[in-house]
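The points below are grouped by topic and can be followed on the structure.

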Amino acid sequence: MYISPFLLMAFLAVFSISAHADLSLEKALTEALAHDHWLVSNQYQEQAIRSGAIASGQLPDPKLRIALANLPTDSFDFNQENMTQLQFGVSQQFPRGDSLEIKQRQLNLMADQKQLERYERRALIKKKVGQLWVQLHQYQEQIKLLVDNQHIFNELLTISQANYRSGKIQGYELLDAELKLTQLQDRIAKLEQLKNQTHGRLSEWLTIHGRVGSLSSELPEIKMILTDEQLNSEDKVYQALLRHPVLQRLEQGVDIQQKAVDLADEAYEPSFKIDANYGYRDDMSMGIERSDFFSMAVTFDLPIFPEKRQDAHRNAAINLREAAKEQRLLNARQMKSTFDFERANLAGLEQRIIIYNRGFLRQLKEKRIAALKAYGASTARFADISAAAISELEVKLQKVALLHERASTLFRLNYLLAGVDPELRLLSPRYLESK
């Protein structure tokens, strides 16, 4: 089939534009959450555990016994001897107490944990992808800032060359100007390297279509999940942290260990087995009838010496339950400490950003312009104008870093508040919805 060269070029152009479209933060998060194979694998694991729970709640299969008993070996005649029988037997094993039901509940709790693991995974993806996007955006903006300010160092080099030709400066000052420009170019190359490395790490979470070459230019506003009023209440903050899927999963782990204790309690109950047998006897050779036999037996398993077995198993289960409780309390304390640390970090970042916005950059720019004029008039050294230009550029870069570090901090704080995140709760497991 013939394809017009014009149509082919138009198609390639459209494809190229779409392939290099901006990747917004929202799109990156949507891509990562929608195409995470870990979530799919975890869901299969949940289904496997639930199927196992159904199986574990059933009685063992009954056993059928067929036997030919007391057959004489001299003739192998079935109706020769009175005790010769064709026996049919059925036996059924019954477990101790309610152990089957307890095992089934325990496995269903483990399956519910998988839902919490997926909730935790979505919260982790939101944090990791968000931080990587912010970091990549920071490198992109810092590179753009350095490229946009490269003309300042080119201008300094031009002035230095003119002053050197007129004999106003020494050769080392000209070399210093060339060195500053080279250092700037090296810094751009280093940031490009970091950008490419971060882009590779971000691509791990995206589909092929999501691996684009650039990000949207604007840094979106990241909002705290809790309001200021809620943040001012220690109790509300702590309650929100307790709803985190990690702590909810640990709490459910306590319930699972309690089922293990209940199961150990059932070990004190006897187990038993019922056997029913029917023995068929043929008539004697002379035509005399012989009665068939029926028998039934009940076998009990009596735990009459529990000290070395049942008591030890129960104590082990109790200790594991208490250990799970302590682990949950430890994680809750660590989470609260991390939240307080990140909140203090956020307050410090916001205070520094306010200082930068109050005229710090304007003052540095005025200093650089004044130093540049003085250097052009040969009334200042190159080191003075160089220091002024580098200071201004460093502060600009630092402000970009502060804005992006603030966004990353908000992602970390919101991760700790994942249990009350409205976006994540749209996909929340049934266990959390019931809390």
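The lining of the largest pocket consists of 18 residues, and those nearest its centre are Lys 126, Glu 221, Ile 222, Lys 223 and Glu 423. The space in this largest pocket comes to about 380 Å³. In this predicted model, a search of the whole structure also finds 2 cavities of 30 Å³ or more and 2 aromatic pairs.

**Largest pocket**

- Three helices, α2 (25–34), α11 (382–416) and α12 (422–425), each contribute at least two residues to the lining of the largest pocket.
- Helix α2 gives the largest share of that lining, with 3 residues.
- Sorted by class, the lining of the largest pocket holds 8 nonpolar, 7 charged and 3 polar residues.

**Second largest pocket**

- The second largest pocket has about 250 Å³ of space.
- Its lining is made of 14 residues, and Met 224, Asp 228, Leu 231, Leu 346 and Glu 350 are the closest to the centre.
- Two or more lining residues come from each of α7 (228–231), α10 (310–376) and α11.
- Helix α10 provides the largest share of the lining of the second largest pocket, 4 residues.
- The class count for the lining of the second largest pocket is 7 nonpolar, 6 charged and 1 polar.

- Helices α4 and α11 each supply at least two residues of the cavity lining.
- By class, the lining of the largest cavity has 5 nonpolar, 3 charged and 1 polar residues.

**Helix α4**

- Helix α4 covers residues 99–148, and its 50 residues should span 74 Å at 1.5 Å a residue; the end C-alpha atoms lie 73 Å apart, which agrees.
- Of the 50 residues of α4, 36 are buried, so the helix is largely enclosed by the rest of the structure.

**Aromatic pairs**

- The whole structure contains 2 aromatic pairs.
- Phe 94 and Phe 272 form a stacked pair, because their ring planes meet at 20 degrees, with the ring centres 5.0 Å apart; the cut-off for stacking is under 30 degrees.
- This pair links distant parts of the chain, with Phe 94 in strand β2 (residues 85–94) and Phe 272 in strand β3 (residues 271–280), 178 residues apart.
- Phe 94 has a relative accessible area of 24% and is partly exposed; Phe 272, at 27%, is also partly exposed.
- The rings of Phe 272 and Phe 300 have centres 6.0 Å apart and planes at 40 degrees, so this pair is tilted.
- Phe 272 in strand β3 and Phe 300 in strand β4 (residues 293–301) are 28 residues apart, and their pair also links distant parts of the chain.
- Phe 300 counts as exposed, with 52% relative accessibility.
- Together, Phe 94, Phe 272 and Phe 300 make up one aromatic cluster.

Methods
Residues numbered from 1 in each chain as written. Predicted model: local features only at pLDDT ≥ 70, side-chain atom pairs only at ≥ 80, totals over all residues. Heavy atoms only, no water. 1 Å grid on protein atoms, 1.4 Å probe; cavity = no way out; pocket = protein on both sides within 12 Å on 5 of 7 lines; lining within 4 Å. Points joined across faces, edges and corners; volume = space filled by probe spheres on them. Nonpolar A, V, L, I, M, F, W, Y, C, P; charged D, E, K, R; others polar. Phe/Tyr/Trp six-rings, centres within 6.5 Å; stacked < 30°, edge-to-face > 60°. Buried < 20%, exposed > 50% of the residue type's maximum accessible area, 1.4 Å probe, protein only. Expected span 1.5 Å × (residues − 1).
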